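This briefing is for a reader new to the structure shown below.

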Amino acid sequence: TFMMKLKNLAIISASLPWVCGSSTHDINGMMGLFNKISNYEASWVHTGSSIMENGDTSLLAVEEYECSLRTCADNDIMLWTMDLFGGLACVDDDAGCVLNGENVRRGM
C-alpha cells in the first residue's frame, strides 16, 4: 500500500528547461488533484483536464486523497506526470494532506 502524508513536495518528472510559473492552484478532492498534475497521455490511461503550468504550485486542502471512479490515471497508477515540474503543498503545516494509494501499484 502506498500512503504519503504531504507537507511540501516538488514535482520533477523529466529534464526540462527551468521556466518558472508563478500561479498557485487551490485543490479540493482527488479529481481536482488528478486534473492539475496527471498529464501523461496514452490511449490506455486517463489524463487530467486542467494541467498546471510548469513552475506552478498546487495547494491541497486537508483531506485524504484516494482513487475512485476515473480519478486516477489507471487501475493501478494513481497519478502520472511527464515533463512537469512545480510544487504540491498542503495548506496545513501538520502534514494533514494524505495521498492514499491503497490498491495501486504506483503512487506518483
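A residue counts as buried under 20% relative accessible area, as exposed over 50%, and as partly exposed in between, with a 1.4 Å probe and protein chains only. The model is predicted, so local features need pLDDT of at least 70 and side-chain atom pairs count only at pLDDT 80 or more, while totals for chains, interfaces and linings use all residues. Residues are numbered from 1 along each chain as its sequence is written, and side-chain values use heavy atoms, with hydrogens and water left out.

**Disulfides**

- A disulfide is a pair of cysteine sulfur atoms within 2.5 Å, and the count by this rule is two.
- With the bonded cysteines of the protein numbered in sequence order, the pairing reads 1-2, 3-4.

**Cys67 and Cys72**

- Cys67 is joined to Cys72 by a disulfide with an S to S distance of 1.7 Å.
- The link of Cys67 and Cys72 is left-handed, with -95° about the S-S bond.
- Cys67 is partly exposed at a relative accessible area of 28%, whereas Cys72 is buried at 5%.

**Cys90 and Cys97**

- Cys90 and Cys97 form a disulfide with an S to S distance of 2.1 Å.
- The link of Cys90 and Cys97 is right-handed, with 75° about the S-S bond.
- Cys90 counts as buried because its relative accessibility is 6%, and Cys97 is buried with a relative accessible area of 0%.

**Strand E4 and its side chains**

- Helices (H or I, at least four residues) and strands (E, at least two) are DSSP runs numbered from the N terminus.
- Strand E4 covers residues 57-60, and its side chains alternate.

**Neighbours of E4**

- Two strands pair if DSSP finds at least two bridges between them.
- Strand E3 (residues 24-27) pairs with E4 in the parallel sense over four bridges, and Asp26 stands opposite Leu59 in E4.
- E4 is also joined by four bridges to strand E6 (residues 85-90), and E4 and E6 run parallel.
- Leu59 stands opposite Ala89 in E6.
- A crossover is right-handed if, with the strands pointing away from the viewer, the path from the first strand over the helix to the second runs clockwise.
- E3, helix H1 (residues 29-37) and E4 make a right-handed β-α-β unit.
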